[in-house]
Amino acid sequence: MAQEYKELSKLTLDEQEDILRTMSQSYYPIEINDKVFMIPEEVNDLINRLVERLEKNGHQVNIGDIFGDAND
């Protein structure tokens with residue numbers, strides 16, 4: 001991550017602000033096994049659509065069941 005910040009310093013202030021704004025707006029938190037991960041908006045949307053489709057087809061969905069325990 002530090003390397004990415006060094007690369008940002010080579011850009012203009014406007015470019016830096018655009019990138020940082022995009023990064024903060026495009027990622028969503030998801031909690032799995034008591035850990036929080038930041039996932040891209042597209043992945044978040046995909047998960048939501050999959051859950052909606054499963055529920056529409058009569059399945060009861062618990063996100064914890066989908067991701068499961070990392071030790072399983």
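Reply: Happy to. The accessible surface of the protein chain comes to about 6,400 Å², and carbon and sulfur atoms hold 52% of that surface. Areas like this come from the Shrake-Rupley method with a 1.4 Å probe, and for residues only the protein chains shown count as cover. This is a predicted model, so local features need pLDDT of at least 70 and side-chain atom pairs count only at pLDDT 80 or more, while totals for chains, interfaces and linings use all residues. Residues are numbered from 1 along each chain as its sequence is written, and side-chain values use heavy atoms, with hydrogens and water left out.

Me: What makes the pattern of the protein chain, read along the sequence?

Reply: The pattern is α-α-β-β-α-α, from four helices and two strands. Those are DSSP runs numbered from the N terminus: helices are H or I with at least four residues, strands are E with at least two.

Me: Why is Asn-44 called buried?

Reply: Buried means under 20% relative accessible area, exposed means over 50%, and partly exposed is in between. Asn-44 has a relative accessible area of 17%, so it is buried. Its place is in helix α3, and Asn-44 touches Tyr-28 and Ile-39, leaving aside residues up to four places away in sequence. Touching here is a contact, meaning heavy atoms within 4.5 Å. Across the protein chain, 10% of the 72 residues count as buried.

Me: What makes the largest nonpolar core?

Reply: Five residues: Ile-30, Ile-32, Ile-39, Ile-47 and Val-51. Elements giving two or more residues to this core are β1 (27-32) and α3 (41-56). They're called a core because the term covers buried Ala, Val, Leu, Ile, Met, Phe, Trp, Tyr and Cys residues joined through side-chain atoms within 4.5 Å.

Me: How do you know that β1 and β2 pair?

Reply: Two strands pair if DSSP finds at least two bridges between them. Six bridges join β1 to β2, and the strands run antiparallel. They form a hairpin with two residues between them, and Asn-33 in the turn has a positive phi of about 50°. Glu-31 stands opposite Val-36 in β2.

Me: Why is the contact between Arg-21 and Asp-18 called a salt bridge?

Reply: The rule asks for a side-chain nitrogen of Lys or Arg within 4 Å of a carboxyl oxygen of Asp or Glu. For Arg-21 and Asp-18, the closest N and O atoms are 2.9 Å apart, and that passes. Being three residues apart in helix α2, the two are separated by about one helical turn. Arg-21, at 41% relative accessibility, counts as partly exposed, and so does Asp-18 at 42%.

Me: How many salt bridges does the rule give?

Reply: The count comes to two. Lys-10 and Glu-7 also meet in a salt bridge, at 3.4 Å from N to O. Lys-10 is exposed, with a relative accessible area of 64%, whereas Glu-7 is partly exposed at 37%.

Me: What makes the nonpolar surface patch?

Reply: Tyr-5, Leu-11, Ile-19, Leu-20, Met-23, Tyr-27, Val-36 and Met-38 make a patch of about 730 Å². Patch residues have over 30% relative accessible area and no salt bridge; nonpolar side chains (Val, Leu, Ile, Met, Phe, Trp, Tyr) are joined within 5 Å, like charges within 9 Å. Helix α2 gives the most to the patch, with three residues.

Notes: Buried < 20%, exposed > 50% of the residue type's maximum accessible area, 1.4 Å probe, protein only.
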